[in-house]
Amino acid sequence: MASPFKVLFSILFLFSILYPITCSIPHPLDSLTPAELLQVRSIVLKSYPTPKYKLTFQYVGLDEPDKPVTLSWLSNPNTKPPPRRAFVIIRLNKQSHEIVVDLSKSSIVSDKVYHGNGYPLLTIEEQEAAVDLALNHKPFLASLKKRGLNASEVICSTSTIGWFGEEKTKRELKIPCFYLDGSINMYLRPIEGISIAVDLEEMKISEYKDSFVAPMPKAEGTEYRASMVKPPFGPRLNGAPASQPGKIEGLKIDGNTVRWANWRFHVGFDARAGPVISAASIFDPEKGKYRQVMYRGFISELFIPYQDPTEEWYQVTFFDLGEFGFGLTAVSLEPLNDCPANAVFVDGYYAGQDGKPVQVEDAMCIFERHPGDIMWRHTEAEIPNVDIREVRPEVSLVVRMVATVGNYDYVLDWEFKPSGSIKFGVGLTGVLEVKPTPYTHTDQIKEEIYGTLIADNTIGVHHDHFITYYVDLDIDGDANSLVKTNLVTKRVKDKKIPRKSYWTVEHETAKTEADARIKLGSRPTELVFVNPNKRTKPGNKVGYRLLPGGASGPLLAPDDYPQVRAAFTNYNVWVTPYNKSEKWAGGLYTDQSHGDDTLGVWSSRNRDIENKDIVLWYTMGFHHVPSQEDFPVMPTLSGGFELRPTNFFEYNPVLKTKPPFHATWPNCTA
Ligand SMILES: [Cu+2]
């Protein structure tokens, strides 16, 4: 029998390895806690008591302190943190109210009615209520009967309606419906030809049309559950090598501040953005201190215009963050499969429509990635009688969240490398949005079908995914500039030299916002964000450069309504001066927005951006021509970009990393 001490010790040990998270002093950028969400609710309801007022909480999030206040606290975290405030959007009497709540004083600081275009984030509850209305709508039940469909096998979802030049708009949703009947892959079984709209303010059906009966794609072949798929099977794949669950040597999570290797950063969770990374700094052993890299980074918008301009489909132009929210659609991660064994899991909280906190268990994971790559190496074979081989394996720390927005799953990774790089990764997987068709073979098709015939009676509709990141870089301080390092070809002037040409660099500092609207790939340029006030010993300006991923731009006409609303995708790179209110590239009120509050509009003010506190907006784009491999569930398609130190350190920052301790390699010849 184990001694009580040993048992206690074992429990404590287990606790310490499973929970490297400790609580400490609050950080000014901490997301609102469940207790704070409840406090916000009670403060707002005190002003608008029920049942007299019928209000809904559309968004509740941290109203972050002004940046100088946070920076001042970060430079001396032992001082009292600034007062906690919340930013709230409620709907009340068909109006959007913007309310700022001071939690320390339990009071409302401001309460303004928004009179502009567009509507706030949709709540999950109002979407569910809209779906329920449709499912109980008698004409809809009659339409199902006419098609011979069993109502108990019908599942409905929600679809936003966009804006197409209407002078007056109503807060409405469309309700697309699907037929299970032998499948759980509902999105591949749409009931086409029926249009249902719901007025969210009146909470009633505002339009019902049954225009035509379309074929129903078959259920066969749509299964993806391991327990249900039929042979022939693929190979059984190996899992990652075993490691202790939740155990990462050297990882320390203090409240929401993560320390690992030479990195320190703060992790937050927002109903709209999902993960928010703040105050990312890297330790410089030569300077003996942490140096700032990024003040705040998050995904600002995700625009998905479908390319089928027919009556039934033209409205399908989603803005997933501003309409549905990445935090609201965050899903619980599955240990070992969504995240490796060493992962530490973090819950997320948002306010439900009634203002009460909703928990997303294991919404984010933090894990060490061992990709099997080489961080750096060199074999020196030229020196006689000396055997030199130095190798360091690559290792990084990843913060991951998955947002499942209806049919699509987005894997969002923030990866920190000891070399100083930050990699921003997105993986697209899940189920395609499809349209039924009578066709079963491409030879039958004599018309434009706006997609690919990916299975019998099933068109995977063409679409794009444009993901826009907000990255407030503070390279070694907040005054930064964008320097375009243009690579230019020169002729050799010296006639005695047989070489005719070479390339060199010409530096061009972006003075105003117009200089920093960049379509990637148009010319050979390195985009370097520098602190012009800090130089290395040899005199280079300290900086970070952007390593873009595959770049795509919009293909819609600039005057097309969805593109006017998504003008922030017109360039892959924009740089704006920091402005606390400019966070959401498609505008704060994105649902049915008119494009009058986008990054494109802010940038047209052409403000100074040289040696200023600046923000990088990066848009990665995917043009998605569906293929059969995307059916019935799509293998992950990945994209991303990287910010990499460039003359930030005096020399290779991972030169002196110590090689890891490896488990003894089995010696088969012994
Ligand atoms: Cu896609």
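This report describes the copper site and the disulfides of a predicted model.

## The copper site

In this predicted model, the copper ion is held by four residues, namely Tyr408 through its OH atom and His463 (NE2), His465 (NE2) and His624 (ND1), at distances of 1.9 to 2.0 Å. Along the chain these donors follow the spacing Y-x54-H-x1-H-x158-H. Histidine 463 belongs to strand β27, which covers residues 463-473, while histidine 624 belongs to strand β33, covering residues 614-624, so this pair ties together parts of the chain that are 161 residues apart in sequence.

The angles subtended by the 4 donor atoms around the copper ion run from 96 to 140°, and the arrangement is therefore irregular; to count as tetrahedral, four donors would need all angles between 85 and 135 degrees. For orientation, the ideal angle for four tetrahedral donors at a metal is 109.5 degrees.

## Burial of the copper ligands

The structure holds 2 disulfides, and with bonded cysteines counted along the chain they follow the pattern 1-2, 3-4. One of them is formed by cysteine 156 and cysteine 177, whose sulfur atoms lie 2.0 Å apart. The torsion about their S-S bond is about 100°, so this disulfide is right-handed. Cysteine 156 lies in strand β6 (residues 154-156) and cysteine 177 in strand β8 (residues 177-179), so the link ties together parts that are 21 residues apart in sequence.

Cysteine 339 sits in the loop between α6 (320-324) and β17 (344-351), whereas cysteine 365 sits in strand β18 (residues 357-369), and the pair links distant parts of the chain, 26 residues apart.

Cysteine 339 is buried, with a relative accessible area of 1%, and cysteine 365 is likewise buried, its relative accessible area being 0%.

Definitions and conventions. Residues numbered from 1 in each chain as written. Predicted model: local features only at pLDDT ≥ 70, side-chain atom pairs only at ≥ 80, totals over all residues. Heavy atoms only, no water. Donors = N, O, S within 2.8 Å, 3.2 Å for Na, K, Ca; no water. Tetrahedral: all angles 85-135°; square planar, octahedral: opposite > 155°, others 65-115°. Helix = DSSP H or I, 4+ residues; strand = E, 2+ residues; numbered from the N terminus. Disulfide = S-S within 2.5 Å. Buried < 20%, exposed > 50% of the residue type's maximum accessible area, 1.4 Å probe, protein only.
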